Amino acid sequence: MSDISPFLGADYALQEAIFTVLIDDATLTDMLGGLKVFDHVPEGTAFPYIAFSNLTSRDGSTATERAIECRLTLNIWSEELGKRQVLSIMQRVRTLLHDRDIALSEHTLVNLREEFSDIAQLRNRKTFRGLIRFRAFIEQ
């Protein structure tokens, strides 16, 4: 058995915990116009919504502690004119996740911090995509 095998589910446990935090927040649900946080966005979903994007993991163990480092990206999609709606939703996501103590199943979240954010207008000139990436450090 590999020494890293207990961490095979740590990245997914992180995504599940973040999903739960986001859908349990009434303010965010109001901002999105419903429970619109997705791993896979159903066809025809109305804007705005949040979609999980990239999830990368790497061994973060030290000589004495077994750990994994994850980077998780969320995309915020909007068709409201301008960046205001995307910025407001991104700020709410930061408030809910950055430096928060979030319980993970079978793992310990040491820290969760925003690492990067970006907002871009798509070529159709009516859709905005906000991107916010978090870095998590998880121990067994």
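Two residues are said to be in contact when heavy atoms of each lie within 4.5 Å. By that criterion, and leaving aside neighbours within four places in sequence, R129 is in contact with N75, I76, W77, D118, I119, A120 and L122. The structure described here is a predicted model, in which local features need a pLDDT of at least 70 and side-chain atom pairs count only at pLDDT 80 or more, while totals for chains, interfaces and linings use all residues. Residues are numbered from 1 along each chain as its sequence is written, and side-chain values use heavy atoms, with hydrogens and water left out.

Confidence comes before the details. The chain averages a pLDDT (the predictor's confidence in each residue, from 0 to 100) of 92, and 94% of the residues score at least 70. Residues 1-6 are a stretch to read with this in mind: there the pLDDT is below 50, and the stretch has six contacts in the model beyond near neighbours in sequence.

R129 is a handy place to start a tour of the fold. This residue sits in strand β5; helices (H or I, at least four residues) and strands (E, at least two) are DSSP runs, numbered from the N terminus. The side chain of R129 makes a polar contact with the side chain of D118, at 3.3 Å. A polar contact here is a pair of N or O atoms within 3.5 Å; within protein, one must be able to donate a hydrogen and the other to accept it, and residues adjacent in sequence count only if both atoms are side-chain atoms. A120, another contact of R129, belongs to strand β4. With neighbours within four places in sequence set aside, A120 touches T127, F128 and R129. A120 has a relative accessible area of 25% and is therefore partly exposed, on a scale where buried means under 20%, exposed over 50% and partly exposed in between (1.4 Å probe, protein chains only). L32 lies 88 residues from A120 along the chain, and the C-alpha atoms of the two are separated by 19 Å.

Attention now turns to the interior. In soluble globular proteins, nonpolar side chains tend to be buried together. A nonpolar core is a set of buried Ala, Val, Leu, Ile, Met, Phe, Trp, Tyr and Cys residues joined through side-chain atoms within 4.5 Å. The largest one in this model has 32 residues, and L14, L74 and L97 have the most contacts inside it. Two or more residues of this core come from each of α1, α2 (26-32), β2, β3 (67-78), α3 (84-97), β4 (108-121) and β5 (128-139). Not counting residues up to four places away in sequence, L97 touches I18, V21, L22, L74, I102, L112 and F134. F134, placed in strand β5, has a relative accessible area of 1% and so counts as buried. L74 is 60 residues from F134 in sequence, with 8.4 Å between their C-alpha atoms.

Helix α1 has 14 residues and reaches 20 Å from its first C-alpha to its last, close to the 20 Å expected at 1.5 Å a residue; the expected span is 1.5 Å times one less than the number of residues. Its buried residues are A10, D11, A13, L14, Q15, A17, I18 and L22. For α3, also of 14 residues, the end C-alpha atoms are 20 Å apart, which agrees with the 20 Å that the helix should span. Q85, V86, I89, M90, V93, R94, L96 and L97 are buried in α3, and the buried residues of this helix pack against α1, α2, β2, β3, β4 and β5. Just after α3, D99 takes a positive phi of about 60°.

Finally, the structure holds three aromatic pairs. Rings of Phe, Tyr and Trp (its six-membered ring) pair if their centres lie within 6.5 Å; planes under 30 degrees apart count as stacked, over 60 as edge-to-face and the rest as tilted. F19 and F52 form a tilted pair, 6.5 Å centre to centre with 40° between the planes. Because F19 lies in helix α1 (residues 10-23) and F52 in strand β2 (residues 49-59), the pair ties together parts that are 33 residues apart in sequence. F19 is partly exposed at 31% relative accessibility, whereas F52 is buried at 6%. F38 and Y49 form an edge-to-face pair, 6.1 Å centre to centre with 75° between the planes. F38, F47 and Y49 form one aromatic cluster.
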